[in-house]
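Reader: I am new to reading protein models. Please pick a single part and take me through it closely, then show me what else is worth a look.

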Amino acid sequence: MASVLYRLGRFSFRRRGRVLAVWLLALALLGGAAAAFMGPTSDNFTMPGTESQRALDSLREKFPQAGGATGTIVIAAPEGGKLDKAAVAAVVGEAGRVPGVIAAIDPFMAGSVTPDGRYALVQVQFAAAVDEVTAAQRTAYEQVGASARGLRVEHGGEVMRAEVEIGSTEALGVLVAAVVLVVTFGSLVAAGMTLLNALIGVAAGMAGLFALSGVLELTGTAPILALMLGLAVGIDYSLFITSRYRQYLTEGMAQEEAAGRATGTAGSAVVFAGATVVIALAGLFVVGVPFLTVMGLAAAGTVALAVLVALTLLPAMLGFAGSRVLPRRQRGGQARNRGHEGFGFRWGRIVTRLRVPILLAGVVGLGALTLPAQDMRLALPDAGTAAPGSPAREAYDLISEGFGPGFNGRLIAVVTGDSAAATGAAATQAAQLIDATDGVLHVSRPQPNPQGTTVLMTVIPEAGPADAATEQAVHAIRERVAGIRGADIALTGATAIGIDVSAKLAAAMPVYLVLVAGLSILLLMLVFRSLLVPIKAALGFLLTVGATFGITVAIFQQGHLAGLFGVDVPGPLVSFLPILLIGILFGLAMDYEVFLVSRMREDFVHGDSPQQATVNGLGHNARVVTAAALIMTAVFGGFVFMDDPIIKSIGFALAVGVLVDAFVVRLTLVPAVMSFLGRAAWWLPRPIDRILPDLDIEGESLTRNLSADRLDDARDPLKV
């Protein structure tokens, strides 16, 4: 592989104008396709095979009037006052005239008015599903009651789900990344070229993703996740190759040869690192959750494009930049001061000398950080976690104030039978059982469809939608109604869907974690031809994941230091965060593992002692890995400032995970373990050694081939 990438790097360097033109043309075509075919994103977190999804499908088929999006308008009189029926009726009439609305129910007729007469709920039913409600319809819905004098009118319900938007806060991460690149390279040209290369790759990836959104259903989180990962890995991969190119230049190598060598060596590691990220993200399909599969594939596609850009466009840009990627003092051919050793070498000697206490402190410390994870709860976000001041949050808080938190977590019991008589009898029995269930505040009167074969009942829990008591009530209701004969009874609604999604993802997480850990052992065994190094890497990855989960739970769920990160209402973690985090951190952890340990292996193979090889590997790569980790942390951290709770938690968890993995696990525990193992680290049973292919990640065969070619040239002066 290294030889192929070497030739690709030299070709791109030599034909840099054409390569750049091809990428700019591809970017323009993808941008045009995105503009022409872009479709809307959705928040449709469906889960085939669950009870809640089965009930929704039944509603769409047998009770289509109730299968569309719903809205809830809450009306409140001034403190100490009461609502006027005529004023409320005017708001109800206005709601009924909103385009796409098929029904708006008067709260005085439905009984949805508080005993003191101050608060009322207007239930609004749309004909279309949530994803099909247009922006104009949503705007008209938000304007209902705007002219009502002396009343506070807030608009909530599932119809108020807003698409996630990319704001200015994400640019902060890019700015920090630019500063890190300037400090690392000491050259504005190198920093700007690396950043520009990554941005072109991200732009192409995002344009391609939006072009496909017209035929694929993307959640609002999918493009943001793709942007987040594309930026981070795009900058890091370009950083790795550019750093190796600069190293070869300072050694006196010609520019084209340096570009080829950098692409063949560091580029091989980039291919492996990118492949691990892609495989881990694409592997999310094993969970069996459609929206998570699409998210994983979208992010995997962006990462794959970032690898392709780093291997082709970056060598072309190196051709334009030439020696200007070096600081001015080194452009005249003056090599670095080889007698000076950086902090990486000094840190390597400290770690190898104090390996046992460092190992104990590191493992115990990360274990302690993992402890909060044992209390982790998962749920889909609700309006209670929306940004303060947003319409959905205002409606949520006002409903909780007037009616109690349970009215924000309404459940829907769907009773379906073959005949109206059997369905009605089952519904009556179910209503009695549900009403007597702990945690249930109220059950509405049964509402049958015209045929009487499908009946709806609204169930109001006592606690809020994300409360553990509501989850217990849902399970208790399902157990109670399971024995009713003559009809099928299923519980659905946004709250029930969130509980089902969280349960399925929680069950799938251990399986996926074992799959990813096993994959890491296999891949690293191929790369390093060792048995203990992959096992060590997998254990380090598990420490990273555990500590990241623990810190995220402590802040986002338990509320410790929550105010520092803009978390005003602590609650359960987003249900798909843990499993998504496992997939992403696996790939990123393997990046640092490959770049550090491959240099250790290279020096060991060339005769260094295990201790010296460990110090060399850390010394030569600590600066680059540190810069890469800081860049990734900055990019991910920029998303923490977003209002959307999903993106905020994902950005925070990834930023923390990268910091823990890079600085604690890879730069500290890994060299300590390698020093402790000594020669045993590179042991591989002979039967396994014979069947494993040689991937040549560090380009050893490339170096041998190039050395042989130079020797042949020296022996044959007539050879052209």
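Author: Start with helix H9, residues 221-250. This is a predicted model. At 1.5 Å a residue, the 30 residues of H9 should span 44 Å. The end C-alpha atoms of H9 are 44 Å apart, which agrees.

Now ask what surrounds H9. Of its 30 residues, 29 are buried, so H9 is largely enclosed by the rest of the structure. Buried means under 20% relative accessible area. After H9 comes Gly 252. The phi of Gly 252 is positive, near 90 degrees.

Side chains of opposite charge can pair when their charged atoms come close. Glu 256 forms a salt bridge with Arg 14. Their closest N and O atoms are 2.4 Å apart. Arg 14 has 41% relative accessibility, so it counts as partly exposed.

Next, take Glu 257 and Arg 261. Their side chains also meet in a salt bridge, at 3.1 Å from N to O. Both residues lie in H10, 4 residues apart, so about one helical turn separates them. Why does that spacing matter? An α-helix has 3.6 residues a turn, so residues three or four places apart point the same way. Glu 257 is buried because its relative accessibility is 16%. Arg 261 is buried too, with a relative accessible area of 10%.

Arg 10, Arg 14, Glu 256, Glu 257 and Arg 261 are linked in a network of salt bridges. The structure holds 17 salt bridges. Another pair is Glu 154 with Arg 152, whose closest N and O atoms are 3.1 Å apart. Arg 152 has 34%, so it counts as partly exposed.

From helices, turn to strands. Strand S3 covers residues 119-126. Of its 8 residues, 7 are buried, so S3 is largely enclosed by the rest of the structure. Which strands pair with S3? Strand S1, residues 70-76, runs antiparallel to S3, and 7 bridges join them. Ile 75 stands opposite Ala 120 in S3. Strand S2, residues 101-105, also pairs with S3 in the antiparallel sense, over 4 bridges. Ala 103 has Gln 125 in S3 as its bridge partner.

Now look at the surface. Leu 172, Leu 175 and Phe 641 form a nonpolar patch there. Together they have about 320 Å² of accessible area. Phe 641 is in the loop between helix H20 (610-638) and helix H21 (645-677). Phe 641 counts as exposed because its relative accessibility is 53%, and the cut-off for exposed is over 50%.

Finish with Ile 350. This residue lies in helix H12, residues 343-353. Ile 350 is partly exposed, with a relative accessible area of 31%. How far is Ile 350 from Val 615, in sequence and in space? They are 265 residues apart in sequence. From C-alpha to C-alpha, Ile 350 and Val 615 are 9.3 Å apart in space.

Terms used
Residues are numbered from 1 along each chain as its sequence is written. This is a predicted model: local features need pLDDT of at least 70, side-chain atom pairs count only at pLDDT 80 or more; totals for chains, interfaces and linings use all residues. Side-chain values use heavy atoms; hydrogens and water are left out. A salt bridge is a side-chain nitrogen of Lys or Arg within 4 Å of a carboxyl oxygen of Asp or Glu. Buried means under 20% relative accessible area, exposed over 50%, partly exposed in between (1.4 Å probe, protein chains only). Helices (H or I, at least four residues) and strands (E, at least two) are DSSP runs, numbered from the N terminus. The expected span of a helix is 1.5 Å times one less than its number of residues. Patches are made of residues with over 30% relative accessible area and no salt bridge: like charges are joined within 9 Å, nonpolar side chains (Val, Leu, Ile, Met, Phe, Trp, Tyr) within 5 Å. Accessible areas come from the Shrake-Rupley method with a 1.4 Å probe; for residues, only the protein chains shown count as cover. Two strands pair if DSSP finds at least two bridges between them.
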